[in-house]
2 protein chains.
Amino acid sequence: MGEFELITNYFSKAGSPRTDVHCGVGDDGAVLQVRDGYDLVVTTDTMVVGTHFFADVDPRALGHKLVAVNVSDLAAMGAEPSWLSLALTVPVIQPDWLSEFAAGLHETAEYFNCQLVGGDTTKGPLSLTMIAKGQVPRGKAIKRSGAKVGDYIYVTGTLGDAALGLRLVQGVQQVSKKHQAHILQRFHYPTARVALGQALRSVASSAMDISDGLAGDIYHILQRSAVGAYIDVQKLPLSQALKDSCDSAQAMQLALSGGEDYELLFTVPDSKRGALDVLLSPYGVPVTCIGRITGQTGKLELKAGEQVFSYQHKGFEHF
Amino acid sequence: MGEFELITNYFSKAGSPRTDVHCGVGDDGAVLQVRDGYDLVVTTDTMVVGTHFFADVDPRALGHKLVAVNVSDLAAMGAEPSWLSLALTVPVIQPDWLSEFAAGLHETAEYFNCQLVGGDTTKGPLSLTMIAKGQVPRGKAIKRSGAKVGDYIYVTGTLGDAALGLRLVQGVQQVSKKHQAHILQRFHYPTARVALGQALRSVASSAMDISDGLAGDIYHILQRSAVGAYIDVQKLPLSQALKDSCDSAQAMQLALSGGEDYELLFTVPDSKRGALDVLLSPYGVPVTCIGRITGQTGKLELKAGEQVFSYQHKGFEHF
């Protein structure tokens, strides 16, 4: 099977067909119509075997995750996902594997109303790069740089579940039967907070998604906004599964430094907190206020209630 | 050095700063303003060590080539290059290598007036994926699907030089001293026919770039346009360097099946041939008519003057 047949067989019809795709898979490039008055938002995420996933990962889950982590970046910018490109590098063509991977990718793309519009397939060590493209009303993208002193800090969902899921998959931690499905779901099938991200455009001063752990990722907002923050770790949203599976020290560690939750971290000015409450109601996504932005540029203070919370963050470092 | 420092050190300022980049490297996504009345064109190309380049390749040339092959795809669509994203996977951080690679990328991006706006850096076997984004007046992208029976077939530049360059680098073929620099330049520093590609919007019925050899690549136009073609191999444009380095059979073989020339292959209706001649004059790029489109769907006839030219194409197959 050549590259061309591979593309045709597995990828030429992935996702939701969109009328704004004037030329999709199979030409030198995709031709896409960005809506008038909208900005284009582009994200890129690479997943390499051995670094980001195990060689024996369920390919369907991998297809899902690749789309979800990219779409999560779009959500963090307040953008509406529209189009996907895939750079797929595989050592050999395994039809069963590719078929399952494409199915996972297809389902998730369709769920988010995205169409796969192109990419490249090459031979080499297993590696997947996805490029997601979305649209946001002009000037309305939510950046990391907009947080102001006094803003309230929020996170969506619960933290630490994906890191616990990784430990479960690795066999280094036990999780009781009743929680296993939830924890594995959180690890293998992360949620991208797309609808909520778009709703936040009118209230959030900054936003990002949490991929490498809250305690490390928040520094991107602090640096780009030239502010500091304090977080009350007692307010961190933890799932019942996490609380039942870990002692409190480990729960804190997973919630603060565990990666791959893909929840949104965002800041809201005091004047918009009422609007936030109103707009949240239709989404059914728990949102928790965990702290505030301070004027101490680049400094993160962790507290447990009124006490200083001593903590050494060890985030994921590639190199 | 972490991922964040790596990005900051080498890639945060690559290419020409553009006023349509509202958010570049360092956020969850790039925010880009597509011009009103224009379509977005997106291309993706991956280069993997051992498959697309040698481990000891000059990193500066590699940086150039990565940009050029992507921009060449934009050129083939008639698009104006605007923005680049880079997914960079490296096994270890080698500052000298990265610095040279970034310099090659930077120079070439700047030459084409593109800005690097984001991407991802990960650890793993050396692999580079670039995503180039360009703009084309709405509805004016040149696709592979527009060729019609009777259209004339053209190529830019000369064919086979890059394949000869590969053989020279591999040490399997000699090239006389006076031609070496030219041939190596053609292999390491391919040209993207960007200005010409944009000019072709008003005259070409279809276009693509030649990356895997004319005799294989042309089938993409034949299939998508549901047409056939004949090509007179005596008309194939060959450089003096190629003619001096190969016998005629090998010259034909390299010109027809050699990859990586990144010249444009395009078709023009009879009624537009005069317009083509007029618009070509400012570009200084040789353009050669090599055949015509026929009604025999999917069939390529090769002729040498009036004779049938018997030829077995062996293109590059990844798998």
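This is a predicted model: local features need pLDDT of at least 70, side-chain atom pairs count only at pLDDT 80 or more; totals for chains, interfaces and linings use all residues.
## Ground rules

Residues are numbered from 1 along each chain as its sequence is written, and chains are lettered from A and ligands numbered from 1 in the order in which they are written.

## Chain A as a whole

Let's start with the big picture. Chain A has ten helices and 13 strands; these are DSSP runs numbered from the N terminus, with helices being H or I of at least four residues and strands E of at least two. Its radius of gyration is 20 Å, close to the 20 Å from the globule rule for 319 residues, so chain A is as compact as a globular protein of that length. (The radius is taken over C-alpha atoms, and the rule is 2.2 Å times the number of residues to the power 0.38.) Along the principal axes, the C-alpha trace of chain A spans about 65 × 50 × 35 Å.

Of the 319 residues in chain A, 60% count as buried; buried means under 20% relative accessible area, exposed means over 50%, and partly exposed is in between, with a 1.4 Å probe and protein chains only. Contact here means heavy atoms within 4.5 Å. Take the contacts in chain A between residues at least 6 apart in sequence: 86% of them join residues at least 24 apart.

## Surface and charge

Chain A exposes about 12200 Å², and carbon and sulfur atoms supply 50% of that. The area comes from the Shrake-Rupley method with a 1.4 Å probe; for residues, only the protein chains shown count as cover.

As for charge, chain A carries 27 positive and 33 negative side chains, and the centres of the two sets lie 7 Å apart. Lys and Arg count as positive and Asp and Glu as negative, with His and the chain ends not counted. Each charge is placed at NZ of Lys, CZ of Arg, CG of Asp or CD of Glu.

## How the two chains pair up

Gly29(B) sits in the loop between strand S1 (21-23) and strand S2 (30-32) of chain B, and at 3% relative accessibility it is buried. The C-alpha atoms of Gly29(B) and Gly118(B) are 7.0 Å apart, although 89 residues separate the two along the chain.

## Buried spots in chain B

Gln135(B) lies in strand S6 (residues 127-137) and is buried, with a relative accessible area of 0%. Not counting residues up to four places away in sequence, Gln135(B) touches several residues, including Arg18(B), Asp20(B), Tyr38(B) and Trp83(B). Its C-alpha atom is 4.9 Å from that of Leu40(B), which is 95 residues away along the chain.

Gly213(B) is also buried, at 0%, in the loop between strand S8 (206-210) and helix H7 (214-225). Beyond its neighbours within four places, Gly213(B) is in contact with Leu256(B), Ser257(B), Gly258(B) and Gly259(B). Over in helix H5 (residues 177-188), His179(B) is buried with a relative accessible area of 10%.

Most residues other than glycine have a negative phi. Tyr262(A) has a positive phi of about 55°, and Glu260(B) has one of about 70°. Tyr262(A) is in the loop between helix H9 (248-257) and strand S10 (263-268) of chain A, and counts as buried at 9% relative accessibility. Glu260(B) is in the loop between helix H9 (248-257) and strand S10 (263-268) of chain B.

Notes:
Side-chain values use heavy atoms; hydrogens and water are left out.
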